[in-house]
Amino acid sequence: MAASKGPLKGVKVLDLSRILAGPTCTQLLGDLGASVIKIENPTTGGDDTRQWGPPYVEDAQGNRSDLSAYFMSSNRNKKSVALDISTAEGQAEIRRLASHADILIENFKPGGLAKYGLDYATLSQEFPGLVYCSISGYGQTGPNASKPGYDLMAQGYGGVMSLTGDPDGVPTKVGVGIADVMCGMYASVGILAALRHRDLTGEGQQIDLALVDAQIAWLINEGVNYLTSGNVPQRRGNGHPNIVPYDVYETSDGHVILAVGNDSQFRRFCGFVERAELADDPRFATNPSRLEHRDALNAILRPAVRTLDTNTVINGLEELKVPVGPVQTLDQVFATDQVTARQMQITMQATPGPVQLIGNPLNLSRTPVTYRSPPPICGADTQAVLNAENPFED
């Protein structure tokens, strides 16, 4: 591994998490320069997501590695140590690593690490400056604390599935594990806040983070819409609860996204589709009126947009400064000049061969993110770390 650089250079992270929420957090910390040691169970083949394929990375001879695409999405910039924490030797090694660490992150069931003496209550007595982040489905407290938590269950319990999907269809999850990813991002923020407190006072603390709590937090406007009005929101497909027209519209050869955010934009849009009179119609002249008459307005606009091809709509509305955009498939996304310009696709050289990964979106002018090491083969760094006097040294 190259020398660590970045704003978190020198920060040491002991990662006992697996699957997506915790690994998303620790990858982000690693990208920002932290040294991350990932602990994997050798009796199960490591992180569960190593088996969540295909696709997998293959070597030059076509042999499958344990680097599934899913695993690689959240595990770069980490060392992998295969260690069985159910053994006395494994527990002793975790405590040794914790003695060097600033942060420990885990996603065992609440109380699951107590039997190994690796819970916060135990480790904080020995290492009072340790920032200890616990991620679970429902948190360390409450009537559901003992229940397992997965992204799909969090999206269902936390309400976002009731808002997602066609109005006449079934409740639908977001297409990626967004409850896990957002939980990992909240974890990153909480950890950095706790580090700030530790640096000022010397005092560590536990961060108790639940997938469900995080998902409820990002209900954002729909959640507060309900709390304010008492009206339970309904699924609107791609429609917006507070803005019209803000939706996906069919064109003659595909689809476009319209995001008409104010009345002046609406007036320009109406002129573009040759329905200028709509901007002066009392039913549609203001956004609150358009919300009230959403169905009537869409009954007029959808046929009008459907007569035009996608490029005509996008080019025409961009010229008029009306927010508009395409609906792209992933091959189109990663072929764009924007992805290249923003370095949102990167190549790293892993043990089996080169791998393509998604870049980090953070652009820091003084301390940029770094991609120092690719997603590791399970246990690749075990001996080096266990034999090192300073196990976190890159």
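These are my notebook entries on what I looked up in this structure.

**Ground rules**

I am working from a predicted model, in which local features need pLDDT of at least 70 and side-chain atom pairs count only at pLDDT 80 or more, while totals for chains, interfaces and linings use all residues. Residues are numbered from 1 along each chain as its sequence is written, and side-chain values use heavy atoms, with hydrogens and water left out.

**Whole chain**

I looked up the secondary structure and noted 16 helices and 13 strands in the protein chain, where helices (H or I, at least four residues) and strands (E, at least two) are DSSP runs numbered from the N terminus. The C-alpha atoms fill a box of roughly 75 × 50 × 40 Å along the principal axes. Of the 394 residues, 46% count as buried; buried means under 20% relative accessible area, exposed over 50%, and partly exposed in between, with a 1.4 Å probe and protein chains only. I also looked at contacts (heavy atoms within 4.5 Å): among those between residues at least 6 apart in sequence, 70% join residues at least 24 apart.

I asked myself how many of the six residues of strand β7 (residues 131–136) are buried. Six of the six are, so β7 is largely enclosed by the rest of the structure. Val131, Cys133 and Ile135 point one way from the strand, whereas Tyr132, Ser134 and Ser136 point the other way, and all are buried.

For pairing I kept to the rule that two strands pair if DSSP finds at least two bridges between them. Strand β6 (residues 103–106) runs parallel to β7 and is joined to it by four bridges, with Tyr132 as the bridge partner of Leu104. The chain passes from β6 through helix α4 (residues 120–126) to β7 in a right-handed β-α-β crossover, a term that applies if, with the strands pointing away from the viewer, the path from the first strand over the helix to the second runs clockwise. Strand β8 (residues 205–210) is also parallel to β7, with six bridges between them, and there Gln205 is the bridge partner of Val131.

**The β3–β4 hairpin**

I then turned to strand β3 (residues 56–58), which runs antiparallel to β4 and is joined to it by two bridges; Tyr56 stands opposite Ser68. The two strands form a hairpin with five residues between them, and Gly62 in the turn has a positive phi of about 85°. In β4 (residues 64–68), four of the five residues are buried, so I noted this strand as largely enclosed by the rest of the structure.

Pro7 lies in the segment before β1 (12–16) and is partly exposed, with a relative accessible area of 38%. Not counting residues up to four places away in sequence, Pro7 touches Leu32, Leu364 and Thr367. I also checked Pro7 against Pro167, and these are 160 residues apart in sequence and 45 Å apart in space, C-alpha to C-alpha.

Phe334 belongs to helix α14 (residues 330–334) and is partly exposed, at a relative accessible area of 31%. Which residues does Phe334 touch, not counting residues up to four places away in sequence? I found Val339, Met344, Gln345 and Ile358. Between Phe334 and Gln345 the separation is eleven residues in sequence and 7.2 Å in space, C-alpha to C-alpha.
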